[in-house]
Amino acid sequence: MIRIAAVGDVHVDKDVVGRYRPALEELPGRADALLVAGDLTRHGTVDEAKCFATEFGGLAVPVVAVLGNHDHQSDRQDDVARVLTDAGITVLEGTATVLEIRGHRLGVAGTKGFGGGFKGACASNFGERESKDFVRTTERYADSLREALRSVECDALVALTHYAPVPETLTGEPLEIYAFLGCYQLGQAIDDAPTALALHGHAHHGSERGRTPGGVPVRNVAHPVIKQAYNVYQLLSDTVDAKHEELATA
């Protein structure tokens, strides 16, 4: 069994430093790796990235992250990623990594993703140039995730995104903003590979659990949704969801 801790939308700034750390220090006894589903910072500044690195770096388990829309706000996303990488945190964008865990190979493929909506209520590649550019951005992120997922040879495969791949985990958000919270193309990419679990954030008022059309479990791990420092999920196990009640909060 592989145990994955996951959280997203932690929005770290200097006033958050120290809030998550006590629970993170307990990770080695609870999980084999930590995955962070974007919105690591508030405004995507280098100083905020350093705060995140202080809070989430140097742990006794591997940390893998994708960036979110907040991490792009200042147009310094490359610098943010560099700060995290220097702190030993693996940052994925259309790429994948493999972690060796007790004789098993855990594959994680990630991308920020993008909006666009879901079948029956989605943007289409038609009309004005601006609309076409929007949908092509959606498709580009989804295609990069598909390629990353398919590139991995592992025992258990996880898709890590910021934007949602299914509408079920958005339940609780206003329907009018679903198109800005995720897209069906990410779900298709996840189903096009032997994915065991998909993790995302972004939807602060959403719901935790859903499934892709192909049956892959999807979990919204945004901190406002899970309401604790992280949830733990199990792979190579009879059940994906571990017991959460004993986890520390933040």
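Predicted model: local features only at pLDDT ≥ 70, side-chain atom pairs only at ≥ 80, totals over all residues.
**View 1. Threonine 85 sits in helix H3.**
Helix H3 covers residues 77–86, and threonine 85 belongs to it.

**View 2. Helices H4 and H5 cross at roughly 15°.**
Here you can follow helix H4 (residues 129–150) and helix H5 (residues 184–191), whose axes come within 8 Å. Angles under 35 degrees count as roughly parallel, so H4 and H5 are roughly parallel to each other. The crossing of H4 past H5 is right-handed. On the H4 side, the contact is made by Thr138, Glu139, Ala142, Leu145, Arg146 and Leu149. H5 brings Gln185, Leu186, Gln188, Ala189 and Ile190 to this contact. Sorted by class, the residues in the contact of H4 with H5 are six nonpolar, three polar and two charged.

**View 3. Asparagine 231 is buried in the model.**
Look for asparagine 231 in strand E13, which spans residues 231–235. Its relative accessibility is 2%, so asparagine 231 counts as buried, the cut-off being under 20%. The side chain of asparagine 231 also has a partner to look for: a polar contact of 3.1 Å joins it to the side chain of tyrosine 233.

Methods
Residues numbered from 1 in each chain as written. Heavy atoms only, no water. Helix = DSSP H or I, 4+ residues; strand = E, 2+ residues; numbered from the N terminus. Axes fitted to C-alpha atoms, helices over the stretch in contact; angles between N-to-C directions. Parallel < 35°, antiparallel > 145°, perpendicular 65-115°, else oblique. Left-handed = near helix turned anticlockwise from the far one by under 90°. Contact = heavy atoms within 4.5 Å. Nonpolar A, V, L, I, M, F, W, Y, C, P; charged D, E, K, R; others polar. Buried < 20%, exposed > 50% of the residue type's maximum accessible area, 1.4 Å probe, protein only. Polar contact = N/O pair within 3.5 Å; in protein donor to acceptor, adjacent residues only side chain to side chain.
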